[in-house]
Structures are given as structure tokens and as C-alpha cells.
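Hi,

Here is the structure for your files. Please look it over; my notes follow below.

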Amino acid sequence: MSGHVLGELTTEDVAAADFRLAIVPVGAVEQHGPHLAVLTDARIAERFAGLLAERLDGTALLCPLLPYGLSEHHAAFAGTVTLRPATFISLVGDIIDSLAAQGFDKVVLVNGHGGNMEALSLVARDQRARNGVRVGSLMWARLAHDVCAEGTAGSAYGHACENETSLAMVLAPELLRPDRVRAPVGARIDVLHAMPPRALVDTAYSFDELTPDGVWGDPRSASTERGERILATALERAEEYCRALAKEPPARR
């Protein structure tokens, strides 16, 4: 058993420990094209969070995975299970409320799904105002954005693509169907540019409007070497952030 994994500790273990922050992995259950299983986002978040907690030398309490997220934009594809935004925000907020009641004033949400990001930002703002908890939300794709941009097939990538498939090869190889990796099927870049200026207008699209097979990118160029580079970069930056967060004074309400 590990001394920092909440699910493996007793209540006395937790009470006696001196954790500086809590880590909560958050994912999604949604389609990832023909070659990745629907639990990809959740499994990546869970295993990334586990590696991050290990690097923090037992100073972080690793909480169990919250597998479901906001995937309504993938609902046209079979296997997708989503929460409503209000449900998701309340659920994550309740988890942090529980941690705050036990003295945790710093929480890191390790997010595995891009569709969760805006909601997690709202959770962080609410927790700061209500509980004085400093909440950081991080995702591997943003932490290693520069590495992800290297060697991509084009500007359209970000879901079941060369980057996510590469990371899955390293963190969740059991979820990959290598024989089903194939050329992307008509990703519609024109849809994203239908309402310029794109940088100033936020428009919601369903994923089936963008790509018929649920893939946004070209997974054929995925590799374990690419996945290792993405993982190493994201972990290093996540660790640096967590160590800095742990040293910050309690937030004022």
C-alpha cells in the first residue's frame, strides 16, 4: 500500500498525515474514434495524477478518480456518457468542500478532458471565494502544448490524434486498438472558420459536425517516443507548479 493514496488509507492514517495539498484526477467517458477506448481521458488523468503524486514525495494526497465529465459535444457517438454542466460543477465542488472541511486549502485538479476546462475554472473561482481554497486545474495537453505542436500533420489535432494516441501508448496501452489506427476521415476545418474572427468568438459545435469518425488529428504518426516526450514535459511542469502552490500561504476569503 502507498502512504499517499486516499483509497488505500484508513481514517486514522489520513488524520495523522501531513499532506500539503490534495490531487483529484478528473476525466471523461466519451468516444475516441475507432482506435481508443471510451475511458481514455479518465485513465490518462488517473495515471498522470498518480505519477505526479509520486514525484511530490508523499506531500500530496491522491484522491480517487472522478471518471465522468462534460462530453455532450460527443453525444452523437456511441459509448459517450456525460454529466450536465451544473451536475459536474456541483460534484467537483462537493469533493473540494469535503477536502476543505478536513483542512485542505490547496487542491490540484488533474484534468484529462478539454471539455472540462471552463467548468473547472468556475469551480476554482467559487472555491476561492467560498472556502478560501486555492484550486489549480491542469491538463497534459496545455502543459506540453509546445511539444504537442511539434511534428503534427496540420492545424487540426486535439482528440484521438497523434498526441493523445501517443500518450495513451505510454499511460494506457491497454485501451489502444493498434489495428484500427487509420487515416483521418474528412475533418472539417471549414466549420471552425465559418464565423470569423475565430479568436474573438466562442461558438459551440458538436464533434460530429467536425469529423465523421470522431478523430481530430492523424493518429498514424503516434509513437511511444512522442508520448514519452509529452509525458516528461507535462509532468515536469506540473511538479514545478505543485511545489510552488504548496509553498503559498492560505488564501484569504
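Asn111 has a relative accessibility of 1%, so Asn111 counts as buried (under 20% relative accessible area with a 1.4 Å probe, protein chains only; exposed is over 50%, partly exposed in between). Asn111 sits in strand β3, residues 106-111 (strands are DSSP runs of E, at least two residues; helices are runs of H or I, at least four; both are numbered from the N terminus).

This is a predicted model: local features need pLDDT of at least 70, side-chain atom pairs count only at pLDDT 80 or more, and totals for chains, interfaces and linings use all residues. Residues are numbered from 1 along each chain as its sequence is written, and side-chain values use heavy atoms, without hydrogens and water.

Beyond its neighbours within four places in sequence, Asn111 is in contact with residues including Val26, Ala45, Met117, Leu120 and Trp140 (contact means heavy atoms within 4.5 Å).

Next, Asp126. Asp126 belongs to helix α4, residues 117-130. With 33% relative accessibility, Asp126 counts as partly exposed. Ile89 is 37 residues from Asp126 in sequence, and their C-alpha atoms are 9.8 Å apart.

Last, a helix pair. The axes of α7 (residues 162-171) and α9 (residues 224-247) come within 7 Å and cross at roughly 90 degrees (axes are lines fitted to C-alpha atoms, for helices over the stretch in contact; angles run from 0 to 180 degrees between N-to-C directions). That makes α7 roughly perpendicular to α9 (65 to 115 degrees). Among the residues that meet are Leu167 and Val170 in α7, and Ile230 and Leu231 in α9.

Best wishes

Methods. Angles under 35 degrees count as roughly parallel, over 145 as roughly antiparallel, 65 to 115 as roughly perpendicular and the rest as oblique.
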